[in-house]
Amino acid sequence: MMESPKGEIIWSFLVKMMMAKTYLQLVCLLICSLAIINAHEPCAKENVTSEEAYYVSKTIVQNAVSKGAVCLDGSPPAYHLEPGFGEGAGNWLIQLSGGAWCSSVKECLERSKSEFGSSRLMGPWWFTGISSKNQSSNPDFYNWNKVFVRYCDGGAFTGDADRVDSTTGLYFRGARIFEAVMEDLLGKGLKNARNVILSGSSAGGYPAMLYCDRFRELLPNTPRLKCMADSGYFIHVKDPHQAKFFTKLYTSLVALHGSAKTLPKSCTSKMRPELCFFPENMQQDIKTPLFIANSAYDKFQINATIANHVNGCIESRNCTASENKTFRG
């Protein structure tokens, strides 16, 4: 992608890309591993039933503020919950929203003026696809509890900075948001769950991996719990020039959000904290069953590491031998 893009362009692009995904394509792959929840806004809402697609209002975690678990602008975190029913009442699908990152005060300030930085600006969320309540189109998960956790910290749910930016009043508390939301859900029946999937897409994919084992510890009596990272596995490429975008991004993110103390000590004890944002450096220590779904030619990864819009030939399926060699590294 761009060498040093504006933060708001990155997260806007990623969110649109995430929304465009068709998660039903993953169902066949995930049935054996319990699969993933997806709650997303469709491009068009024609010809859908109230069970097939529907809005779910936001739930504000009011007591999170007293714990310092707040969005960039200091507002409390939020999520959308559609209660399960019938035989699915004891099963939970939880998705951590994606939406890129902000790695500078300027980027985060701009982000705080949107739904990706303030719960005050969040409206209801559109549930469809594998979040549908339609049994015929979503037979495996139609009656499960479905949760979509809003992403309003800009640091992939990893920030734990005590300080508040003195100039802008911004908070960097993503890790506390994760804890506060999960605590709230435990009180709404999650603690009695029989089957649980913790998932995340794009920027939400990394925290789904990061917190997988900790989430497991919150539910010691749940028979089956699995985690899922979708389109959030950004690799640390060998070429220093190509690796520059993500290395610079993660270095700035860790410093701004105070993420180092949240990252796995099994990783940070061996290398610099920013390198622990690359899943390849921390996934081997995850003990809870984890499913990773990621395109071999991920659009964002290719644009960010090779060149902007170079992935065009992939979409048109006319890449040359030389371009294929470049993509394979």
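Is the disulfide of Cys212 and Cys227 right-handed or left-handed? The torsion about its S-S bond is about 100°, so this disulfide is right-handed. The model is predicted.

**Disulfides**
- The sulfur atoms of Cys212 and Cys227 are 2.1 Å apart.
- Cys212 belongs to helix 6 (residues 212-218) and Cys227 to strand 8 (residues 224-230), so the pair ties together parts that are 15 residues apart in sequence.
- Both Cys212 and Cys227 are buried.
- Cys102 and Cys108 are also linked, with sulfur atoms 2.1 Å apart; this link is right-handed, with 95° about the S-S bond.
- Cys102 counts as buried because its relative accessibility is 0%, and Cys108 counts as buried because its relative accessibility is 0%.
- Cys267 and Cys276 form a left-handed link, with -100° about the S-S bond; Cys267 and Cys276 are buried.

- Strand 4 (residues 91-96) and strand 7 (residues 195-201) run parallel and are joined by six bridges; Ile94 stands opposite Leu198 of strand 7.

**Nonpolar cores**
- The largest core has 60 residues, and Trp101, Leu190, Phe215 and Phe246 have the most contacts inside it.
- Helix 4 (residues 174-186) gives the largest share of this core, eight residues.
- Another core, apart from this one, has seven residues, among them Cys102, Cys108, Phe172 and Leu256.

Note on methods: Residues numbered from 1 in each chain as written. Predicted model: local features only at pLDDT ≥ 70, side-chain atom pairs only at ≥ 80, totals over all residues. Heavy atoms only, no water. Core = buried A, V, L, I, M, F, W, Y, C linked by side-chain atoms within 4.5 Å. Buried < 20%, exposed > 50% of the residue type's maximum accessible area, 1.4 Å probe, protein only. Helix = DSSP H or I, 4+ residues; strand = E, 2+ residues; numbered from the N terminus. Pairing = 2+ DSSP bridges. Disulfide = S-S within 2.5 Å.
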